[in-house]
Amino acid sequence: MEYRILGPLEVVDEGGPVALGRLKERLVLAVFLLHADEVVSRERLIDELWGESPPPTARKAVNVYVSQLRKALTRDGLDPIATADGGYRLEVGSDALDASRLQSILADAREHANAGELEAAAELLREALALWRGPTLAGLLFESHGRDEVAQLDELRLTALMDRIDCDLALGRQEEVLGELHVLVGEHPLRERLRAQLMLALYRADRQAEALDVYQQARELLVGELGIEPSAALHRLQQGILTQDPGLERPARTIASTAHDGPVPSLRLVLAEDHYLLREGMRRLLETSPELDVAAVCDDLDSLLAAVESERPDVVVTDIRMPPGNLDEGIRASDRLRVEHPDVGVVVLSQYLEPEYALALFEAGTERRAYLLKERVQDVGQLVAAIRAVAEGGSVVDPKVVEALVAETTRREQSPLDELTARERDVLREMAEGKNNAAIAEALRLSERTVEKAIHSIFLKLGLAWEPAVHKRVKAVIFYLSGTTAEMRPAERSS
């Protein structure tokens, strides 16, 4: 039996397709395959099938869908779906799932690339990319966390594609990848790594003016849409082209190594993620930034703590859903690190918008802590900025979490938020996300003096004790918005 999720969901047996039944049954199988050989709870299946509004018969319906899948997948009396711990586990052989074969191929490709065997690495990356038959689980729409898991698998495809282009560039195949890069930049205009690859390919093809034009287009887009300048790596590449740096001519160098010219990455990271493919995709994504050095990756709390002990990182980036299935394990890891390694920052990546998770993370203090939704991973620049802010002692709260808190507070009768002006509300949101006065001023196009006055007015109108430290302001504001200010204010005054 062969299972395929890197494209439309397919099951093949003896060369022929296996009928998978109704849409809901296919969704259940897709969740099983995203967590092959792991226990998937009935509650998780209900969340993916119906979201926040499951029918009263949801549990019974799940049992029926699983029963139908068993009939479709059982061969020679062997049922691959086991019932365990309030859920189910689909037993999949190591070579039976295309996503598992993918991880093996990518690991081999990385070993060859690290050894300088670029031709072999490029061939393996082509083999890995050939496993995709389209978007991951195309045609299936999840109602919950499966959307993020699918998005990260698709992100892994793009990362593998960029790695393969790096190899081709290092092998002197700039003319061959130019057309492909133009298409990819059009599809992903905010991806600076693709822009850098296109610039390097054009430069090596003796099209210097066009290479510089690609940089200018990138800058106009980033400044116009996001209000940020291109990364230091992209700027260095532009300067190298302007000065005709001889180092850009050497085909033995990949764009990844070109991007890391200059100072050694100043921030060491430990990455914790329990799902191998998502962990691999996240690692590759973080390593595209010249500011970061992924010192270790791990998959549970014990290995995370051991990695921190041995590597002494600046920041830990952790998915909240680490095993053995406790949704708060990422937060518990943060609490342990606050005691055992208070100088290590923690960025929790979560699939949960519910503010209570963020509040639990910040209850012991906001310094060196960030709570971000996993969708932020799609913007590397934003993620890197949050990591740097945490390393410098600050805190970051996902803007969607802030909006949820503001909306909930506004709905209360006689909310003090009603006393704030429109400008003060805007400042409140920016402040709650962890921005300092200068960053707020830049985001709202105000003077820093105006921002400072607005913050003083906000604290006065909301009855909060004044806090000059940015991370303490974050805690004061978000706990106020959550309705727990009264018990938190004394701690803030004493800290």
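In this predicted model, strand β1 and strand β2, the latter made of residues 10–13, run antiparallel and are joined by three bridges. Within this pairing, R4 stands opposite E10 in β2. The two strands belong to an open sheet of three strands, whose order is β1-β2-β3 and whose pairing is antiparallel. Its edge strands are β1 (2–4) and β3 (16–17), each of which pairs on one side only.

| Strands | Bridges | A facing pair |
|---|---|---|
| β4 (residues 39–41) and β6 (residues 87–90) | three bridges | V40 and Y88 |
| β5 (residues 81–84) and β6 | four bridges | T83 and Y88 |

Strands β5 and β6 form a hairpin with two residues between them, and in the turn D85 has a positive phi of about 50 degrees.

A separate feature lies on the surface, where L190, L226 and I228 form a nonpolar patch with about 230 Å² of accessible area together. Is L190 buried, exposed or partly exposed? Because its relative accessibility is 40%, L190 counts as partly exposed, a class that lies between the cut-offs of 20% for buried and 50% for exposed.

Conventions
Residues numbered from 1 in each chain as written. Predicted model: local features only at pLDDT ≥ 70, side-chain atom pairs only at ≥ 80, totals over all residues. Heavy atoms only, no water. Pairing = 2+ DSSP bridges. Patch = residues over 30% accessible without salt bridge, like charges linked within 9 Å, V, L, I, M, F, W, Y side chains within 5 Å. Areas by Shrake-Rupley, 256 points an atom, 1.4 Å probe, with all protein chains shown as cover. Salt bridge = Lys/Arg side-chain N within 4 Å of Asp/Glu carboxyl O. Buried < 20%, exposed > 50% of the residue type's maximum accessible area, 1.4 Å probe, protein only.
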